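Have the viewer open as you read.

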Amino acid sequence: MLGELSAGLAHELKNALLPIKLLSDVQDWDEEDIRVVRSAINRINNVVSTMLEFANLNSHPEERVSSEEIINSWLSLYEPLIRRKGIKVSTHVDDFSFKINKQAFQIIFSNLFKNALEAVPENEGEVEVHLKKINGKVVLIVKDNGPGIPAKYRDKIFEPFFTTKGNSGTGLGLSLVLKYTYEIGGYLHMETKEGGGTKFVLEVPLKDGEEDFDN
């Protein structure tokens, strides 16, 4: 895993640095040159930041969170993308609270939700978010009506640096999802069909004594 991560990181950084290297010999930059350099710098920053998060071994403390608050706070962050693509987002969130590693849960939801938004078509995209308490478990579902994941990629989507988004993705999003799913003691299940969308289901057992705890 360490070898794969190192090789992947080197490859991503080399690709991101290439346009800067090519433009280093150009004396007078126009607006397009500046845009290319800024894009490359942003990509390097994203790769390094995500890699640092992936390699972070510090465990964050659990805290009690509100189901509606933790979902709504992150939905608002993606409102510009939702409006720009004309995506219909529906939420089905039970009102309850639970103890969890909040940062880990937010990273899981953020990556699953962002992937869903990016996968669906403009003006026809639909994304569903469910957060419920079922049989002693917190269950998070993120479902989209995108093109689905081709069969040849399904065994690779959680591998570090694997991406089908070209230069727009780091390939670490779902690796982070899997890492933090393990950290919070959860189980992640994926259902997908080519042309029929994708659904991710996260199940996290409630702590002892929380089954009957509600707001």
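Start with the hairpin that S6 and S7 make: 5 residues lie between the two strands, and Gly195 in the turn has a positive phi of about 80°. Before going on, note that this is a predicted model, where local features need pLDDT of at least 70, side-chain atom pairs count only at pLDDT 80 or more, and totals for chains, interfaces and linings use all residues. Residues are numbered from 1 along each chain as its sequence is written, and side-chain values use heavy atoms, with hydrogens and water left out.

Helices (H or I, at least four residues) and strands (E, at least two) are DSSP runs, numbered from the N terminus; two strands pair if DSSP finds at least two bridges between them. S6 (residues 187–192) runs antiparallel to S7 over 6 bridges, with Glu191 opposite Lys199. S7 also pairs with S5, again in the antiparallel sense, over 8 bridges; there, Asp144 has Thr198 as its bridge partner.

Phe200 and Phe158 sit edge-to-face, 6.5 Å centre to centre with 85° between the planes (rings of Phe, Tyr and Trp, the last by its six-membered ring, pair if their centres lie within 6.5 Å; planes under 30 degrees apart count as stacked, over 60 as edge-to-face and the rest as tilted). The two are 42 residues apart, with Phe158 in the loop between S5 and H6. Phe200 is buried at 8% relative accessible area, while Phe158 is partly exposed at 24% (buried is under 20%, exposed over 50%, partly exposed in between, with a 1.4 Å probe and protein chains only).

Finally, H6 (residues 173–183) has 8 of its 11 residues buried, including Leu174 and Tyr180.
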